[in-house]
Amino acid sequence: MAVLETRELTAFYGDFQALFDITFTLDEGETVAVIGANGAGKSTFLKAIAGLLPRPAAAVRLDGRDIGTLPAYEIVKLGVALVPEGRRLFSSLSVEENLLVGAYGRRRGGAWSLATVYQLFPMLRERRHSPSMALSGGQQQMVAIGRALMSNPRILLCDELSLGLAPIVIRDIYAALADIKARGTSVVLVEQDLAHAMAVADRAYCFMEGRVSLTGRPQELTRDAIHAAYFGL
Amino acid sequence: MLGWIDTLLQGILLGGLYSLYATGLSVIFGIMRLVNLAHGDLIVLGAFLILAATAAGAPLILAFAVVVPLMFFIGYALQSALLNRALGRNILPPLLITFGLSIIVQNGLLETFSADTRRLDIGPLQSASLPLGSGLAVGLMPLICLGAAIGVIVLLNSVFYRTPLGRAFRATSDDVEIAQLMGINNRSIYALTMGIALAVCAIAGFFLGARANFDPSIGPARLLYAFEAVIIGGLGSLWGTLAGGIVVGLAQTIGAHIDPEWQILSGHVAFLIVLVIRPRGLFPRAVD
């Protein structure tokens with residue numbers, strides 16, 4: 001059974017419609033990649049699930065329950081956490097404070113705590129009292145992931161984890177993601193980096209201009225099909 | 001010489017009062033990016049509420065102890081019932097609401113208490129002073145006022161920097177959208193912020209009434225001093241706000257020492273000079 005489901009999900013920025021009737025499912029423990037070109041609506045999709053954008057009341061369901069009317073600060077308490085695009089750390093907070101804020105709305109028990117996040121990203125322990133903005137991009141991404149984990153999510157929504165990072169750092173981040181998956185967390189992965197996304201995903205959705213243009217298992221999708229779904233060629 | 005030392009001391013003590021005016025404004029702007037144009041009138045409201053409580057027979061301390069939490073609840077209700085509804089990308093609607101509120105508070109006070117000038121009766125404290133030797137003395141009440149200003153800042157900073165709730169305040173101030181992803185209800189944070197700011201207004205109103213005469217029309221001038229103190233100090237730092245208050249207080253007393261007519265003007269001139277030399281204030285927050 002799907003833990004997370006969207007049915008005919010639409011989203012608007014003012015008069016501009018960014019998503020058209022997105023129907024999507026995520027099963028327990030599954031990792032699903034959402035790929036697509038810039039402006040395809042991938043980030044909008046995650047924001048609409050997380051409650052940062054208005055969406056139809058019955059369009060988002062968690063465990064069969066409509067969560068489309070809940071504000072973002074309630075959705076995280078139900079176990080859905082978002083790692084936002086561009087990391088968006090709290091600039092006046094230290095690394096450790098960023099992680100602690102992540103636990104502010106924690107209503108769920110689970111494996112994640114400061115200790116286990118530092119275990120996952122040992123580098124952060126050494127820098128824990130640094131201002132968050134003093135960290136490198138890769139380290140900031142680790143804080144952003146750790147901050148989301150601190151709420152003990154069942155579903156982790158990741159927006160462009162690899163954006164602007166060096167290949168070696170991306171490898172570390174994806175290694176950590178494998179650890180997180182291994183604990184049974186379901187993951188929705190928005191990613192421009194096709195190779196990485198396809199390597200970890202159980203299934204993929206390709207978005208084009210706010211619509212799903214292709215869906216399937218990575219090994220079933222041919223390069224040509226993906227290219228066509230990406231650019232509409 | 002002695003006259004000058006006395007002037008400087010008085011200026012610093014007056015700065016304590018101005019920083020009390022400014023602290024609430026600084027907190028509101030720091031966390032909500034909201035400019036509260038009714039801030040001065042809310043300080044005067046605090047003074048009148050304490051006056052009304054004492055007129056009803058309550059001892060001054062009790063009146064103070066009741067009005068501070070009362071103002072907290074007024075602030076909380078004001079934000080949740082009114083200002084939160086005007087939140088959005090546009091900063092103009094909340095600004096206009098506080099402008100309207102300023103007019104309503106002024107006229108409400110005028111209607112209820114008349115235009116007479118009032119003063120809080122603080123008994124023998126009124127004229128009590130602390131001799132410093134060689135003919136110098138400082139008033140006890142202004143000294144308590146400066147102590148209260150420092151105490152309020154220490155207390156607020158320990159809440160903001162040492163508690164989980166304080167982290168939530170700072171996170172909301174940094175990035176309100178992401179803060180909600182952490183389970184923080186920004187509207188309730190805003191309501192608490194306004195509550196805290198109005199509680200500080202009540203404290204400021206107490207010292208305003210204890211130090212000088214007040215009437216319903218003096219709010220906007222208090223707002224101006226508070227603004228100047230916040231800007232001089234640099235946005236986002238409460239200690240900066242204290243320093244800003246002291247700069248305005250010093251400038252006013254020094255101006256008055258040279259010529260009594262220059263008192264108010266020299267406060268504003270000092271503000272302009274700081275703006276020219278350090279447009280971001282004396283102690284701006286490192287990142288913004």
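1. Interface. In this predicted model, 17 residues of chain B are in contact with 22 residues of chain A. Contact here requires C-beta atoms, placed from the backbone, to lie within 7 Å. On the chain B side, helix H6 (164-174) and helix H7 (176-181) each supply at least two residues. H6(B) gives the largest share, six residues. By class, this side of chain B has eight nonpolar, three polar and six charged residues. Nonpolar covers Ala, Val, Leu, Ile, Met, Phe, Trp, Tyr, Cys and Pro; charged covers Asp, Glu, Lys and Arg; the others, Gly among them, are polar.

2. Conventions. Residues are numbered from 1 along each chain as its sequence is written, and chains are lettered from A and ligands numbered from 1 in the order in which they are written. Local features need pLDDT of at least 70 and side-chain atom pairs count only at pLDDT 80 or more, while totals for chains, interfaces and linings use all residues. Helices (H or I, at least four residues) and strands (E, at least two) are DSSP runs, numbered from the N terminus.

3. Helix pair in chain B. The axes of H2(B) (residues 39-55) and H8(B) (residues 186-211) come within 7 Å and cross at roughly 65°. Axes are lines fitted to C-alpha atoms, for helices over the stretch in contact; angles run from 0 to 180 degrees between N-to-C directions. H2(B) is therefore roughly perpendicular to H8(B) (65 to 115 degrees). The crossing is right-handed, meaning that the near helix is turned clockwise from the far one by less than a right angle.

4. What meets there. H2(B) contributes residues including B:Leu42, B:Ile43 and B:Ile50, and among those of H8(B) are B:Leu198, B:Phe206 and B:Leu208. The contact divides into 13 nonpolar, four polar and no charged residues.

5. B:Leu92. This residue is found in helix H4 (residues 92-113) of chain B. B:Leu92 counts as exposed because it has 9 C-beta neighbours inside 10 Å; the cut-off for exposed is 12 or fewer.

6. Sheet in chain A. Four strands form an open sheet in the order E2-E1-E4-E5, with antiparallel pairing. Strands pair if DSSP finds at least two bridges between them. E2(A) (16-27) and E5(A) (65-66) stand at the edges with a single partner strand each, so one side of each is left without a neighbour in the sheet. Two bridges join E4(A) (residues 60-62) to E5(A). A:Leu62 stands opposite A:Arg65 in E5(A).

7. Helix on the sheet. H1(A) (residues 42-50) packs on the sheet, touching E1(A) (2-13), E2(A) and E4(A). The direction of H1(A) makes about 70° with that of E2(A).

Notes:
Two residues are in contact if their C-beta atoms, placed from the backbone, lie within 7 Å. Angles under 35 degrees count as roughly parallel, over 145 as roughly antiparallel, 65 to 115 as roughly perpendicular and the rest as oblique. A residue is buried if 20 or more other C-beta atoms lie within 10 Å of its own, exposed if 12 or fewer, and partly exposed in between; C-beta atoms are placed from the backbone.
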